[in-house]
Amino acid sequence: MISFLIALCALIVGYFVYGRFVEKTFGPDDRPTPAVTKADGVDFIALPGWKIFMIQFLNIAGTGPIFGAIMGAWYGPIAYLWIVFGCIFAGAVHDYLSGMLSIRHGGVGLPELIGNYLGQPTKRVMLVFSVFLLMMVGVVFVYSPAIILYGIWGSKLLWIIVIFAYYIIATMLPIDKIIGKIYPLFAFSLLFMALALFIGLLVKQPAIPELWSDLSASNLNQNPAWLGNDAFLANNPVFPGLFITIACGAISGFHATQSPLMARCMKKEQWGRPIFYGAMITEGIVALIWATVSMYFFYYGGWQEVVSPEVVEDFVAQADGGKTLVQYFDAPTVVKVVCESWLGVVGGVLAMLGVVAAPITSGDTAFRSARLIVAEFIGLEQRSVRRRFYIIIPMFAVAILLLLWQMNNPNGFNVIWQYFGWANQTLSVFTLWTLTVYLAQQRKPFWMSLIPALFMTVVCSTFLLVSKQALGLSPTISYTGSVVVLIVAVAWFSRWWRKNCRR
C-alpha cells in the first residue's frame, strides 16, 4: 500500500508542477477559439468547462484504465512506475499538446495536424490508419457490451442492432444533444466507483507487493502456467508487453483523436491544462486504483472475498509452496465481482456501467471522430444532415463487415483487440513526433515530447518484432533490432533539426 500511496501523490504533484511547466511552455492566450469563430451548432459548440472535462475524461477513459490496469497488474508493482511516469511525462503531455495544437489550427483532427508537421504523405497514411483504428474501437465496443447484455435479456443480435442504432444517432446529432447530456453522468459513475474502491483500500489496508519487493517474483508472467489461456500475456515480457497492455492509464494514441472533439467546444485556451492534462492525470489515478485492487485480487487472496466456493476451482491454481493465485483471467469478471463484493448493490450498478456503458460511449465518439476526420480530408462541411449521411453510410457499412468477420471468427475479438493495442500505441508515436517537430520549430524545449517519442518508438518496434502476435522473432534479434530503430530515429531527428531549426 505504501507504493500505491506514493504513486498517487506523485500523480497529483505531477499535475501541479510538470503540468504547469508544460502549460507555460505552450503559452495559452486570449485569442478566440474555434468554438467561437467556427460555431456551427453541430460539432463547434461552446460548452461549460466542467462539462468538457467530464466528456474528455470519459472519451479517453471508457474501460481503458480499468481493463488495461487489471491486465497490467499481472506484471506486478512495476506497473505503478509506468502509470506514474508514463502519465505525467508522456500521456498528459501528449493529450495536452495535441488538444491545444488542434485549437490553434482551428479545431482540426489528428491527420491534419500530422500533415502540417510531418508532411502530406504521412498525413495520408495516418488518415487511413487513424480511421481504421477508430472503426476497430467502435466494432470492439459493439460486440463486448452486446455479449454482456444478452446474458441479461434479449438476443445478441438484438443488442448489436440497438447499439449500432445508438452509434448512428450519436454520430449524427450535435455534440450537446446526447454526448453533452449523458457523458457527465457516466463519467461521474466511473469516478465514484474509483473513489469508493480507494476508500475500500484504505479501510482494508491489504498486503500487496511493493516496489522494493522482488519485482521478478511479483511478475506472474514469468510462469505462464498461472495464466490459464491468456497467451497474449504469456508471450509478452515486461518490455514491451507492459507498455502495450497499460495504454489508457499511461499514454494512448486514441486520445489524440478525441482531444480535437473537445478543442472544438472550449471557449478559453486557459482551460487546456485542467481539461487535457487534468483528464489524463485523473485517468492515471483510476488506473492506479484498479491496478492496486487487482494485485490484491491476484496475489494475496482478495479473490476469497468475491469468489463463491462453488466456482473456486475455476479461479484458483496452486503455486509452489501452496500459495494460492487466481488463474482464471477475465477483466470484466474482475470488475463485476470486485464491485459487487466491495460496494454491494451500488457496486453492481457501477460495474454494469463500467463494462457496458463506458465502452459504448467510447465507441460512439470513435465513430464521431472518424466522421470528422474523413470530412476534413475531403472538404465536406458537416452542418448539413445530408452531408453527414454521405460519410457515415459507407463508414458504418465497413464497420458492419468488420463486425461480421469478428462474429464468425472464433478468435476474432482477440485478434482485433491485440492489433488495436499495437495500433493505438503506434498512433501515439506519430502524435509525439508531430508535437516534437512543432516545439522544435517554435524554439521551445522539444525534449519534453522527444524523449517520450523515442521511448514509444522503441516500445512499438520491439512489440512488432518480439510478439507472437506479430513477427515473433527471438528476444536477441528483437531487442537488437529495437536498438537499431532507436539509433535511426535519433539520427533522423538530429539531421532534421540541424537542417531546419538550428541557428
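In which hand does α1 pass α9, left or right? The crossing is left-handed. This is a predicted model.

**Helix α1 against helix α9**

- Helix α1 spans residues 2–26, and helix α9 spans residues 179–204.
- Their axes come within 12 Å of each other and cross at roughly 140 degrees. That angle makes α1 oblique to α9, because roughly antiparallel would require an angle over 145 degrees.
- From α1, the residues F4, L5 and L8 take part in the contact. They meet F198, L201 and L202 of α9.
- The contact of α1 with α9 involves six nonpolar residues, with no polar and no charged ones.

**Enclosed helices**

- Helix α6 covers residues 110–118. Seven of its nine residues are buried, so the rest of the structure largely encloses it.
- The buried set in α6 consists of L110, P111, E112, L113, I114, G115 and Y117. E112 is one of these buried residues, and Glu counts as charged.
- Helix α13, residues 254–263, is mostly covered. Ten of its ten residues are buried.
- Buried residues of α13 include F254, H255, T257, Q258 and M262. P260 and L261 are also among them.

**N424 in helix α19**

- N424 sits in helix α19, which runs over residues 412–441.
- Its relative accessible area is 2%, so N424 is buried, the cut-off being under 20%.
- A polar atom of the N424 side chain lies 2.7 Å from the backbone nitrogen of F254. F254 is itself a buried residue of α13.
- Setting aside residues up to four places away in sequence, N424 touches L133, A247, S252, G253 and F254.

**S461 in helix α20**

- S461 belongs to helix α20, residues 447–466.
- The relative accessibility of S461 is 14%, so this residue counts as buried.
- Its side chain reaches the backbone oxygen of T457 at 3.0 Å.
- With neighbours within four places in sequence left out, S461 is in contact with S482 and V485.

**V335 in helix α17**

- V335 is part of helix α17, which extends over residues 331–378.
- V335 has 1% relative accessibility and therefore counts as buried.
- V293 is 42 residues from V335 along the chain. The C-alpha atoms of the two are separated by 9.8 Å.

**Backbone geometry**

- Which form does the peptide bond from F239 to P240 take, cis or trans? The bond is cis, with omega near 10 degrees.
- P240 is located in helix α12, residues 238–245.
- R443 has phi near 55 degrees, a positive value in a residue other than glycine.
- The loop between α19 and α20 holds R443.
- R443 has 42% relative accessibility, so it counts as partly exposed.

Notes: Residues numbered from 1 in each chain as written. Predicted model: local features only at pLDDT ≥ 70, side-chain atom pairs only at ≥ 80, totals over all residues. Heavy atoms only, no water. Axes fitted to C-alpha atoms, helices over the stretch in contact; angles between N-to-C directions. Helix = DSSP H or I, 4+ residues; strand = E, 2+ residues; numbered from the N terminus. Parallel < 35°, antiparallel > 145°, perpendicular 65-115°, else oblique. Left-handed = near helix turned anticlockwise from the far one by under 90°. Contact = heavy atoms within 4.5 Å. Buried < 20%, exposed > 50% of the residue type's maximum accessible area, 1.4 Å probe, protein only. Polar contact = N/O pair within 3.5 Å; in protein donor to acceptor, adjacent residues only side chain to side chain.
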